[in-house]
Amino acid sequence: MNDFNTEAKKLAEMQNEYTLLTSKKPSEMCHEDFIRAEELNLEIKDATKVMAALAIELAGYKKDEKGLWVEK
């Protein structure tokens with residue numbers, strides 16, 4: 001459960017930063033803002049996959065030797 005909370009906090013922080021960056025008008029954004037927004041977009045996708053896996057584990061599943069989710 002600790003892993004889940006840690007990942008949730010990281011994901012929330014990334015989403016907040018992304019929202020703040022992308023809520024600016026394009027004319028207010030510098031080149032670095034656009035680059036950071038794209039980086040965050042990719043990191044959020046990865047973090048979402050991690051959160052999904054942790055949620056599946058919390059629901060009582062584990063991966064078998066083939067990498068498939070099975071009930072514990």
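A residue is called buried here when its relative accessible area is under 20%, exposed when over 50%, and partly exposed in between, using a 1.4 Å probe and protein chains only. At 13% relative accessibility, Asp33 therefore counts as buried. The model is predicted, so to speak of local features we need pLDDT of at least 70, and side-chain atom pairs count only at pLDDT 80 or more, while totals for chains, interfaces and linings use all residues. Residues are numbered from 1 along each chain as its sequence is written, and side-chain values use heavy atoms, with hydrogens and water left out.

**Overall layout**

Let's start with the fold. The chain has two helices and two strands, arranged along the sequence as α-α-β-β; helices (H or I, at least four residues) and strands (E, at least two) are DSSP runs, numbered from the N terminus. The radius of gyration is 16 Å, well over the 11 Å that the globule rule gives for 72 residues, so the chain is more spread out than a compact globule. That radius is taken over C-alpha atoms, and the rule is 2.2 Å times the number of residues to the power 0.38. Along the principal axes, the C-alpha atoms fill a box of roughly 50 × 25 × 15 Å. Of the 72 residues, 17% count as buried.

A nonpolar core is a set of buried Ala, Val, Leu, Ile, Met, Phe, Trp, Tyr and Cys residues joined through side-chain atoms within 4.5 Å. The largest one here has eight residues: Leu11, Met14, Leu21, Ala37, Leu40, Ile44, Ala47 and Met51. The elements giving two or more residues to this core are α1 (2–22) and α2 (31–58), and α2 supplies the largest share, five residues.

| Residue | In contact with |
|---|---|
| Asp33 | Leu21, Lys24 and Glu28 |
| Ala47 | Leu11 and Met14 |

As for burial, Ile44 counts as buried, at 12% relative accessibility.

Technical notes
Contact means heavy atoms within 4.5 Å. Lists of a residue's contacts leave out its neighbours within four places in sequence.
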